[in-house]
Amino acid sequence: MIPTHVDFLGAASYEAVSCVTANFQAFVTDLSHEDLDVEENLQEMVELIFKRAVKKPDSAAVFAELCQHLSEVEFQSVSDWSASVSFRSLLVKHCQAEFRKSLDKEGIVQKSESCLNPVQDVRVTDRLREEQQNTKPSGRFLNMLRFIGELFLSKVLAEKSMHCCIRRLMQKGDGPSLEGLCQLLQMIQQDLEVVTEKEVMDTYYNQLNYIAEKENRAPRLSLLLKETVNARKMAYSTPH
């Protein structure tokens, strides 16, 4: 719940974050007058910005730029004087938590096996597996990945975070994960190539190409995988 008293996340601040895209520079300037040295308030600001960025994906780049401005905010922790608190560290932790939570929610949830469960027909099991491999991701999942990609492009998140996301999505390997991975790679590929060994990137794209050509996926998903692979090839063939 948004606090009603006049503080860092008062009603005025909430409204400002809500319409930050309309007057970005004025909002950033106004933040310099806010109370930025309270950990609880800083955490609430992180959560609010993340929520608004996911809700308004077309403004994800603007919210990422806002996070870039706020990433320099850092102060000594009240609970632990040997540690510091920063907007960037809180944002990274929040992105990690939201990514894990969203990834777990996507696709078809598999029920744990039990000796009391009736034996399923193998055809039913195969059908459920096929549905999981080809189901579409939710809009919120794609919006979250878009914001995470924008945070990397704005140099708020490091390349290590991107590799972690890519590997987790590849490891899960169902429809929502692969479609989200394609969107993420199409966003960040060129910037990620600059800071990543070519062999590592080759491994990612070779795996996507293998899934598209060898695995029994929905035509829509196979086409998206091939488009993602081809987009990288075109980027390499285009003279700089």
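Predicted model: local features only at pLDDT ≥ 70, side-chain atom pairs only at ≥ 80, totals over all residues.
Me: How do you know how far to trust the model?
Reply: Look at the pLDDT, the predictor's confidence from 0 to 100. The protein averages 82, and 72% of the residues score at least 70.

Me: What makes up the protein, in helices and strands?
Reply: There are 11 helices and 2 strands. From the N terminus the order is α-α-α-α-β-β-α-α-α-α-α-α-α.

Me: What share of the residues is buried?
Reply: Buried residues make up 44% of the 240 residues. The label needs a relative accessible area under 20%.

Me: What share of the contacts joins residues 24 or more positions apart?
Reply: Take the contacts with a separation of 6 or more. Residues 24 or more positions apart account for 74% of them.

Me: Which residues touch the most other members of the largest nonpolar core?
Reply: They are Ile49, Phe87, Phe147, Leu151 and Leu208, in a core of 53 residues. In soluble globular proteins, nonpolar side chains tend to be buried together.

Me: Why is Phe147 called buried?
Reply: The cut-off is under 20% relative accessible area. Phe147 has 0% relative accessibility, so it counts as buried.

Me: Where is Phe147, and what does it touch?
Reply: Phe147 is in helix α7. Leaving out residues up to four places away in sequence, it touches Ile49, Phe50, Ala53, Ala60, Phe63, Ala64 and Cys67. The C-alpha atoms of Phe147 and Asp58 are 9.6 Å apart, though 89 residues separate the two along the chain.

Me: Why is the pair of Phe50 and Phe147 called edge-to-face?
Reply: Two tests apply. Ring centres must lie within 6.5 Å, and planes over 60 degrees apart count as edge-to-face. Here the centres are 5.6 Å apart and the planes stand at 75 degrees, so the pair is edge-to-face. The structure holds 1 aromatic pair. Both Phe50 and Phe147 are buried.

Me: What makes this pair a tie between parts apart in sequence?
Reply: Phe50 lies in helix α3 and Phe147 in helix α7, so the pair ties together parts 97 residues apart in sequence.

Me: Is Leu184 buried or exposed?
Reply: Leu184 has 0% relative accessibility, so it counts as buried. The residue lies in helix α9. Not counting residues up to four places away in sequence, Leu184 touches Leu145, Gly149, Cys165, Ile166 and Leu169. Its C-alpha atom is 9.2 Å from that of Cys165, 19 residues away along the chain.

Me: What makes the link between Ser71 and Arg88 a polar contact?
Reply: A polar contact needs N or O atoms within 3.5 Å. The side chains of Ser71 and Arg88 are joined by one of 3.3 Å. Beyond four places in sequence, Ser71 touches Phe87 and Arg88.

Me: Which backbone oxygen lies 3.1 Å from a polar atom of the Asn143 side chain?
Reply: It is the backbone oxygen of Val54. Asn143 is in helix α7. Leaving aside neighbours within four places in sequence, Asn143 is in contact with Val54 and Pro57.

Me: Why is Lys155 called exposed?
Reply: Exposed means over 50% relative accessible area. Lys155 is at 62% relative accessibility, so it counts as exposed.

Technical notes. Residues numbered from 1 in each chain as written. Heavy atoms only, no water. Core = buried A, V, L, I, M, F, W, Y, C linked by side-chain atoms within 4.5 Å. Buried < 20%, exposed > 50% of the residue type's maximum accessible area, 1.4 Å probe, protein only. Phe/Tyr/Trp six-rings, centres within 6.5 Å; stacked < 30°, edge-to-face > 60°. Helix = DSSP H or I, 4+ residues; strand = E, 2+ residues; numbered from the N terminus. Polar contact = N/O pair within 3.5 Å; in protein donor to acceptor, adjacent residues only side chain to side chain. Contact = heavy atoms within 4.5 Å.
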